[in-house]
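Have the sequence and the 3D view open side by side for this one.

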Amino acid sequence: MYDIIIIGGGPAGLTAGLYAGRSKLKTLIIEKAVAGGQISGTAFVENYPGSIPEATGMGLAERVLEQAEEFCEIKYANVKAVELEGKVKKVVTDEGEFEAKVIIISTGASHRKLGAPGEEEFANKGVSYCATCDGPFFTGLDIFVVGGGDSALEEANYLTKFGKSVTIIHRRDEFRASGVVVDKIKSNPKIKLVLDSVVKEIKGNKEAEALLVENVKTGEIKELKSDDNSPIGVFIFVGYIPQTDIFEGKIEMNHGYILTDEDMKTNVEGVFAIGDTRDKKVRQMVTAAGDGCTAAVLANRYLEGAKW
Ligand code: NAP
């Protein structure tokens, strides 16, 4: 019987493990693949406080993992089912069953992909899903943003700090994003719009250099690239997919994101949710780590008898 089982070993889960282990709680982190989460797939991390400019995402993830491993147990297994009700929670994995008094869910959310040819090939070579992380790498270059929601428009606006130009490609002629955000991008002289259009292919040699885009109303196909054949940035914001299927019907969610209060508590006693898996606005490594710390500290208090 563990005090705490943390499901998911991204920055949120590893930080929760570090804090819980340092509080002398018997803690198990269960990770299905590579600890470090989305950060492991990020080229460089320049925006985590204290990280050095040349810190690779993988390097930073490994360091956080080492830190967590000093204080808690980590098991690599696929979680198949959970029983969250009652004082003793159960986690069923392909490597056996585990029990704990507290569960911290940190299964994350993955970026929805476009599925266009070239998207995988040019990932981290022009194609990005994080403007805050990768925007500075495209300083002075032409940037293309795909999507029409709040993320796409807000990030497009942010990317005008870096790009020579920022072109938003959206599949409809109306944006899903809120009116204020739409007004902001429409009044930004650096932003161009390519509407009613979908990306058919991302092309290039070593790095992304052009996009083939189809107008869904006319069927016309255009190539979008820079005037001088420089590399381009392609930022894709077509929504997220929270990894919460196994919790469906067991916990309160909003469009698949787990609802918590500011203490990371869910509606189920003894169950916390942290990081990208919970319903919140800012999804960054630093906010994930903050969530992990909050949940671990308050889980300790709960185990000492504090009310839920
Ligand atoms: P979203 O609201 O789901 O928008 C996704 C956008 O991508 C939509 O415009 C959608 O087009 C488009 N899209 C989806 N699949 C596509 C595909 N295969 N090809 C081309 N385009 C595709 O996602 P989000 O912008 O990441 O926002 C997620 C949630 O977080 C939303 O509730 C949003 O309001 C919220 N959010 C809030 C803030 C804020 O309050 N500051 C900031 C960011 C996000 P259609 O419109 O045609 O469906």
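Leaving aside neighbours within four places in sequence, which residues is Phe272 in contact with? Before the answer, bear in mind that this is a predicted model. With those neighbours set aside, Phe272 is in contact with Val102, Ile103, Ile104 and Ile105, with Asp263, Met264, Lys265 and Thr266, and with Ala295, Leu298, Ala299 and Trp308.

Phe272 also turns up in the largest nonpolar core, which has 30 residues. Together with Ile4, Leu14, Val102, Ile104 and Ile274, Phe272 is among those that touch the most other members. As for where the core comes from, the elements giving two or more residues are β1 (2–7), α1 (11–22), α2 (57–69), β6 (96–105) and α6 (285–303). Helix α6 gives the most, with seven residues.

Now for the ligand. There are 16 residues around it, and Asp150, Ser151, Arg171, Arg172 and Arg176 come nearest. By type, the shell splits into six charged, six polar and four nonpolar residues. Helix α4 (residues 150–159) supplies the largest share of that shell, three residues. Here are some distances from an oxygen atom of the ligand to protein atoms:

| Residue | Protein atom | Distance to a ligand oxygen atom |
|---|---|---|
| Gly148 | polar backbone atom | 3.0 Å |
| Arg171 | side-chain N or O atom | 2.9 Å |
| Arg176 | side-chain N or O atom | 2.6 Å |

On its own the ligand would expose 910 Å², and the protein buries 71% of that.

Next, two single residues. Is Ser165 buried or exposed? Ser165 counts as buried because its relative accessibility is 8%, and the cut-off for buried is under 20%. Ser165 is found in strand β10 (residues 165–169). The Ser165 side chain makes a polar contact with the side chain of Asp142, at 2.6 Å. Apart from neighbours within four places in sequence, Ser165 is in contact with Leu141, Asp142, Ile143, Lys190 and Lys192.

Tyr19 sits in helix α1. With a relative accessibility of 37%, Tyr19 counts as partly exposed. Not counting residues up to four places away in sequence, Tyr19 touches Cys293, Ala296 and Val297.

Methods. Residues are numbered from 1 along each chain as its sequence is written. This is a predicted model: local features need pLDDT of at least 70, side-chain atom pairs count only at pLDDT 80 or more; totals for chains, interfaces and linings use all residues. Side-chain values use heavy atoms; hydrogens and water are left out. A residue is near a molecule or strand if one of its heavy atoms lies within 4 Å of it. A polar contact is a pair of N or O atoms within 3.5 Å; within protein, one must be able to donate a hydrogen and the other to accept it, and residues adjacent in sequence count only if both atoms are side-chain atoms. Accessible areas come from the Shrake-Rupley method with a 1.4 Å probe; for residues, only the protein chains shown count as cover. Helices (H or I, at least four residues) and strands (E, at least two) are DSSP runs, numbered from the N terminus. Ala, Val, Leu, Ile, Met, Phe, Trp, Tyr, Cys and Pro count as nonpolar, Asp, Glu, Lys and Arg as charged, and the others, Gly among them, as polar. A nonpolar core is a set of buried Ala, Val, Leu, Ile, Met, Phe, Trp, Tyr and Cys residues joined through side-chain atoms within 4.5 Å. Buried means under 20% relative accessible area, exposed over 50%, partly exposed in between (1.4 Å probe, protein chains only). Contact means heavy atoms within 4.5 Å.
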